[in-house]
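Good morning, colleagues. Please look at the sequence and the structure as they come up, and I shall then take you through them.

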Amino acid sequence: MATMRWLWRQLTSMRVALILLFLLALASIPGSIFPQRGTSPLRVNEFLKDNPTTGPILDRLYMFDVFASPWFASIYLLLFISLTGCVLPRALDHYKELRSEPPVAPRNLRRLPVHQQWQSNSDSSQIISETAVAWKKRGWRVRQGDGWLSAEKGYARETGNLLFHLSLLVLLLAVGYGGAVGYRGTVIVREDAGFANNVTQYDTFAPGRIFGADQLPPFSFELQEFEATFQRGGQQNGAPRGFRADLLVKDDPQSEPRPVTVEVNYPLRTSGITVYLVGHGYAPEFTVRDASGKVVWEDASVFLPQDTAFTSSGVVKIPDTVPQLGLQGFFLPTVSEDFSNGPVSKFPAPDDPEVYLSAWQGDLGLDSGMPQSVYRLETENMKRIGIEELAPGETWTLPNSAGTVEFTGYRQWATFVITKDPGKGWALGAAIASIIGLSLSLLIPRRRAWLRVTATDDRGNVIEVAGLSKTEAPGLADEISQLAKLVNAPEEK
Amino acid sequence: MTVNETLAQASNTMVYGSMTAFTGAMVAFSISLAKGRRLETIETSAQRTSASHQVRMGSTATLDKPSVSTSLSDDGDLGEGRRAGNIGMSLTWLGTLLLGMAILFRGLSAGRVPMGNMYEFSLAAGFAVSLTYCLMSISRDLRWLGVFITVPVLLDLGLALTVLYAESSQLVPALNSYWLAIHVSAAVVCFGAFTIGAALSGLYLVAQSAEDRVAAGKEPGRSAAIAQRIPSADRLDLMSYRIHAFMFPIWTFAVIAGAIWAEAAWGRYWGWDPKETWAFITWVIYAAYLHARATAGWRGKKAAYVAIAGYATILFNYFVVNIWVQGLHSYSGL
């Protein structure tokens with residue numbers, strides 16, 4: 001029991017809180033040095049591949065999941081327990097203080113940092129009561145005694161301090177709540193194609209711990225047009241300058257579709273979810289015919305950008321021919337004349353688009369039961385039958401009478417992140433409250449002031465005004481001389 | 001919209017002009033500092049501090065310090081250095097004005113908020129440092145601080161022009177938001193004021209070491225050359241605390257404004273992006289500083305080291321994270 005009490009006292013002491021703060025800062029550092037699974041899972045895999053010995057050790061120490069690691073959690077949980085243990089008793093004290101009067105005036109006002117005195121013949125009790133009214137008007141809380149007046153100001157400082165710490169607690173809860181019941185998904189949508197809010201339609205989907213799939217609001221949209229503009233010329237040639245996606249949104253299956261434009265920084269917000277435009281690329285369109293001229297494939301295939309000039313790579317899998325056909329290659333929005341590094345694009349806008357394809361014949365391996373990437377061709381059981389360069393409208397007659405491939409054009413696609421975070425509003429409220437609390441607690445001076453009237457032998461009075469600052473805010477002397485001016489007791493020599 | 005090259009060129013010229021003014025100011029402030037003396041000797045400061053320390057030990061109920069007797073006007077007697085100090089002050093105003101114009105022209109040349117890459121941010125940060133210093137010096141004599149302000153500003157502008165320079169251009173879409181003006185300008189203001197706070201904390205450490213040595217009956221040591229030309233350790237500590245206490249809510253605001261913007265731009269208000277992580281670390285360290293100053297056994301030198309560590313995290317976030325660490329905040333323009 002005694003040990004528990006000792007532990008609790010230690011945990012709630014400022015010294016331990018300080019150490020925990022330093023630990024929290026220190027513990028965050030690896031999260032900025034090593035790639036994190038939460039934000040860049042691909043870079044984590046790359047790191048693990050490049051560092052086969054140290055990688056797994058670091059992984060076991062949660063170096064790639066720092067902010068979800070048990071040791072990070074234990075630091076901030078201890079810090080919040082410490083904070084609660086420190087703030088709760090202070091809140092009680094402050095509550096009592098708010099309901100009580102300022103303390104009795106000290107006997108000797110001369111000892112205080114700011115002190116003024118003068119002689120006057122005015123009536124003692126009248127000075128006290130009149131000054132009490134005048135000081136009260138200036139926002140001081142006053143207490144009258146026999147021959148003295150005690151005043152205090154700046155209670156909002158401690159109120160702000162408590163508000164700040166309390167709002168940090170609310171913020172932590174809001175972050176936890178939002179993460180647990182919300183979700184985050186990404187989806188690639190091609191122009192003229194649609195998306196319906198359904199788990200199976202997402203490319204990646206990360207639900208919170210207690211998220212239920214039935215919580216997905218039944219909205220849907222169609223991507224009508226995507227437009228990207230780029231800097232032309234200058235040091236930043238090719239840098240993106242604007243993205244916009246024109247959507248036709250249906251908030252639920254029954255409602256009328258409405259046009260919405262989504263841009264970076266301007267997401268679509270509907271029924272508790274938010275739709276963000278986060279990426280884009282090209283999807284070249286092909287019509288593939290078999291040897292008899294029958295269309296076996298006709299669609300736009302999403303190619304993924306490999307560089308800032310949008311050299312994009314992708315594949316087309318055609319399972320319905322015998323043997324099966326596969327196309328693998330690059331889409332170049334503006335083909336570069338320089339081929340020393342292979343086919344590359346020199347500008348991200350589709351000024352002079354071309355595709356570079358290699359055709360493969362054999363078994364695509366789709367029936368093996370192993371999950372396959374839609375962006376990669378499994379060429380183990382396939383044979384390359386040719387390579388070709390095509391401009392839009394051109395047709396390539398495949399060798400081996402394997403049919404024809406027509407590059408009919410291209411569409412653009414956009415990546416959307418769709419999130420639901422019901423804790424968001426709470427977090428924002430807590431954040432705003434924390435700034436208000438902080439400002440009050442750091443900028444409002446807490447001060448005490450006293451007035452004492454002492455009768456002298458010659459039937460006059462000595463008036464004393466003194467003040468004490470409980471904080472390090474400047475201007476105590478000025479404020480006390482202001483208060484002294486409000487004392488209606490003319491000076492007598 | 002295209003970039004107006006004439007305005008962009010004028011902006012660059014004015015940056016060079018302001019660097020010339022700041023260089024002159026640095027020289028003038030150095031002369032002024034070399035000739036100056038503080039009114040209270042290191043010995044008296046040391047005595048007063050140890051006396052007030054005993055008072056403090058006696059009263060545990062309140063957090064108050066006995067008020068520091070040196071008032072603002074008698075921080076130091078510049079003596080023959082007064083003239084040089086005045087020249088330094090005027091040149092600093094001139095440099096600040098030119099830098100402000102350079103930033104304005106840079107913004108006008110591209111028709112946007114001029115805070116889109118590290119070059120522009122560095123100009124704004126230098127401006128924030130010198131403007132904060134100029135504004136602070138209106139109501140008190142800060143000529144003794146001039147060298148310690150103009151040197152970092154010159155370093156910052158020099159780096160901006162040589163390493164971080166980027167041509168004036170339009171913004172990438174992610175930065176195209178009114179939050180750029182709110183979030184980044186709040187961060188710039190903090191950068192400026194925290195620079196001054198760190199300079200004051202550093203000077204406090206110099207003054208405190210000298211006073212500690214004298215109080216222990218030793219020679220004031222090498223730091224005395226500077227210590228006897230700047231205000232007492234108590235004053236420096238208080239000034240540094242006031243700046244940090246004033247800026248901490250603004251830094252909190254800068255981080256929260258960033259979170260609100262991140263929610264609109266990236267689909268989450270907090271994602272532990274390296275830049276966010278370091279902003280958080282800075283916040284935690286400065287929070288620790290404010291707590292340390294109210295904790296027995298931590299106030300004084302230890303707290304000052306914490307404040308300087310806080311500033312080091314800002315520098316790290318700016319130079320290392322921006323340039324070498326991959327993240328969403330990769331707008332350095334390099």
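Predicted model: local features only at pLDDT ≥ 70, side-chain atom pairs only at ≥ 80, totals over all residues.

A:Pro323 sits in the loop between β14 (312-318) and β15 (324-332) of chain A; strands here are DSSP runs (E, at least two residues) and helices are DSSP runs (H or I, at least four), numbered from the N terminus. The peptide bond that leads from A:Val322 into A:Pro323 is cis, with omega near -10°.

Residues are numbered from 1 along each chain as its sequence is written, chains are lettered from A and ligands numbered from 1 in the order in which they are written, and side-chain values use heavy atoms, with hydrogens and water left out.

Two further backbone features of chain A deserve a look. Most residues other than glycine have a negative phi, and most peptide bonds are trans. A:Phe310, although not a glycine, has a positive phi of about 60°. A:Phe310 belongs to the loop between β13 (304-305) and β14 of chain A. Is A:Phe310 buried or exposed? A:Phe310 has a relative accessible area of 11%, and therefore counts as buried, since buried means under 20%, exposed means over 50% and partly exposed lies in between (1.4 Å probe, protein chains only).

A:Asn400 also has a positive phi, of about 60°, and is not a glycine. A:Asn400 is placed in the loop between β18 (395-397) and β19 (404-420) of chain A. With 48% relative accessibility, A:Asn400 counts as partly exposed.

Let us turn to chain A as a whole. Chain A contains nine helices and 21 strands. What is the radius of gyration of chain A? For chain A the value is 37 Å, whereas a compact globule of 493 residues would have one near 23 Å. That radius is taken over C-alpha atoms, and the globule rule is 2.2 Å times the number of residues to the power 0.38. Along the principal axes, the C-alpha atoms of chain A fill a box of roughly 125 × 55 × 50 Å. Of the 493 residues in chain A, 46% are buried. Contact means heavy atoms within 4.5 Å, and among contacts in chain A between residues at least 6 apart in sequence, 63% join residues at least 24 apart.

Chain B has 10 helices and zero strands. Of its 334 residues, 58% count as buried. Among contacts in chain B between residues at least 6 apart in sequence, 85% join residues at least 24 apart.

B:Gly146 is found in helix α5 of chain B. B:Gly146 is buried, with a relative accessible area of 0%. Leaving aside residues up to four places away in sequence, B:Gly146 touches B:Phe29 and B:Tyr133.

B:Thr162 is exposed, at a relative accessible area of 64%. A polar atom of the B:Thr162 side chain lies 2.7 Å from the backbone oxygen of B:Gly158. From C-alpha to C-alpha, B:Thr162 and B:Val151 are 16 Å apart in space, and they are 11 residues apart in sequence.

Finally, the interface. How many residues of chain A are in contact with chain B? There are 55 residues of chain A in contact with 59 residues of chain B. The two chains bury about 4,700 Å² between them, 65% of it on carbon and sulfur atoms; buried area is the accessible area (1.4 Å probe) that two parts lose on being put together, summed over both. A:Arg241, A:Asn265 and A:Glu472 supply 15% of the area that chain A buries against chain B, more than any other three residues.

The rule finds two salt bridges across the interface of chain A and chain B, a salt bridge being a side-chain nitrogen of Lys or Arg within 4 Å of a carboxyl oxygen of Asp or Glu. In a salt bridge, the side chains of A:Arg269 and B:Glu263 meet at 2.8 Å, N to O.

Definitions and conventions. Polar contact = N/O pair within 3.5 Å; in protein donor to acceptor, adjacent residues only side chain to side chain.
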